[in-house]
Amino acid sequence: MGAPSGAPVLVARVLVDSPLPQLDQLFDYRVPPALVAEVIAGMRVRVPLRSGGRIATGWIVELADTSEFAGRLSDLEGIVSSAPLLAPDVWLLARKLADRAAGNASDILRVAIPSRYVRVEKAWLEARQAGGGAAADASSVDEIAEPIVPAAGSFAESIEPGRRLALTPRPRLVELASGTWVGGWAVDLAEAAAATLATGRTSLLCVPDYRDQEQLEAALSEAVPAGAIARLDARQPGGRRFADFLRCLDGEPLVVIGNRSVLYAPAERLGLIAVWDDGDALLAEPHAPGVHARDIALVRQEQSGAALVFAAHSPSVEVERLVRVGWLDVVALQRTERPRIVVTAGQPGDVSHARIPSSTWTDAREALAHGPVLIQVAHPGFAPLLACATCGENARCTRCAGPLGLGSRGGVPRCRLCGALAADWSCGECHGTAIRPASVGAGRTAEDLGRAFPGTRVIISDGERPVLRVGPEPALVVATRGAEPIAEGGYRAVLLLDGERMLLRESLRVAEDCLRWWSNAATLAAPGAPVHLVGVSGRIATALATWRQAEWARDELDARRALRFPPAVRIATIRGRWTSLPEALEAVAELGDGVDVLGPVPEDDGIERAIVRFDYARGAEVATTLRAAMIRVATRRRRPVAGQPPRPAPTLRVRFDDQEIL
């Protein structure tokens, strides 16, 4: 019901939590008199929708005394959460990111704000009313036993409000006072966070996965008080994650660490935003609208005025573009000893068909007498790819045509796409039934090395069997890329195998990814220990051997600029049925110079796909145009046809800066 004539009205402007593009706007609702004293901006509430009398949830973005809507306002249905979980800065960030990606702000808030736990929220509200803030950990926040002493030339000295930096950290392992070994990058970020905390400001430290987070936590534990560290990551229990999120709302300076979503933490006084290894695919958000962590950091830094740091052993081409245009400053650290890279391709005695050359065998055998040896391989499992033993054709699933693989010796072949077993497989070309390995995985590699080095311990580390750390004792550690454990004191030798196979992946980013994988693994070696890059030559091998990854990224950027490939330009991928896609493409074509369309090409189930390429300066126009097309398609009425089943509603899906499409 509306308010009586002449009575004061409190209006709540609400963002409805819905994936429908036509609902991505603020709707005005009247606050009933019974709720006037309770509602505040940032609350989660229930609101009615006109269609079908449904009730939806939403966020109160702001409160006002008047509404521009001339009709009768609907009343708020009720309050879901009494805590103001949506901070004003986070709302502005979500709105800008959604507009940039032609997406819904509610989709971003669904990622930014963790699931609510009533018991945790109630305790936080009670503590806040009592003036004590959220319940802190029992550990002391006043002192730390042995704080990290900043190294000479530490880049922490460069952390200033508003400054944007690109850092190539020291490629080495560091032993902390506790005896724990971590990457030098973790110590660098911990020192920067400690310096920021000392000024009374909060730091947001974003890392790709739990392995990196474990190192960063270890370094922070000796740099800042334990009670000043908050975590926001998916591996936490839900209640603990929600409690740490609420701590960020208290306004106290913190060091907040986590994965992609940590960049949305509601910090009031933000002093530092740091992203480690931004080229890692784990920092690309899979959920709509798919905003990369790098873009979140850039937009939030611009809004908050905090310092910004992108750190990586091998900088991404995107970061190199930002350096090229002057948006990021390169931090020049004191020159340190770089890993000793041995490129085996073209060396005397190198046999092209040998997976491990004789010189590499010799170094590995000698290194095993002193400590662990790391062997990086491309794939997990026993034989990731199988082939017909008769004609050599790749063995494919009879159900979906996906590649067959073998998890262990004596196991049953299984499709790597649909998971179907292939016990009665026969070749589609020659009808043969015998099968042989076409590639070697971590399991087969470990088995072969165990026979070659009898009596030596063999450790496998991959996604199914994660190992975070190994001791200094002699051992052969076979790890898939990105799953390499840290060895105390560093590995006495590192073998980078399957490089040629890694480079065969069809992707624009394959060389960039390989250089990053190899660089990260090389930094795990002990000082002076050999790092063998097997079977790879050319520019990429030279870049690794000379530790000039930034120069390689500059050359790669120039090549992509000549071809108009990202990140020299931006792209938007559009998917829809043939009835809806042409309309969107026609609207994009009208934008003129600086915008071009590739496709459309057919995909599955009657869906077509097109790619729009555009200059960065045209991004807002393209996003607005595609957003309008999505709303037109979503709101178009479908008339039923007599005698025919209901047709599916038209859809149009847009994803900006899709890293996997090229």
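## Basis

Residue numbers start from 1 along each chain as its sequence is written, and side-chain values use heavy atoms, with hydrogens and water left out. Because the model is predicted, local features need pLDDT of at least 70 and side-chain atom pairs count only at pLDDT 80 or more, while totals for chains, interfaces and linings use all residues.

## Helices H15 and H16

Helix H15 spans residues 581-589 and helix H16 residues 619-634; helices are DSSP runs of H or I with at least four residues, numbered from the N terminus. Their axes come within 9 Å and cross at roughly 155°, the axes being lines fitted to C-alpha atoms over the stretch in contact, with angles from 0 to 180 degrees between N-to-C directions. H15 and H16 are therefore roughly antiparallel (over 145 degrees).

On the H15 side, the contact (heavy atoms within 4.5 Å) is made by Glu583, Ala584, Ala587 and Val588. H16 contributes Thr625, Leu626, Ala629 and Arg632.

Strands are DSSP runs of E with at least two residues, and two strands pair if DSSP finds at least two bridges between them.

E12 runs parallel to strand E9 (residues 202-206), joined by five bridges. Here Cys206 stands opposite Val275 of E12. E12 also pairs with strand E13 (residues 307-311) in the parallel sense, over five bridges, and Leu272 has Ala307 in E13 as its bridge partner.

Technical notes: Angles under 35 degrees count as roughly parallel, over 145 as roughly antiparallel, 65 to 115 as roughly perpendicular and the rest as oblique.
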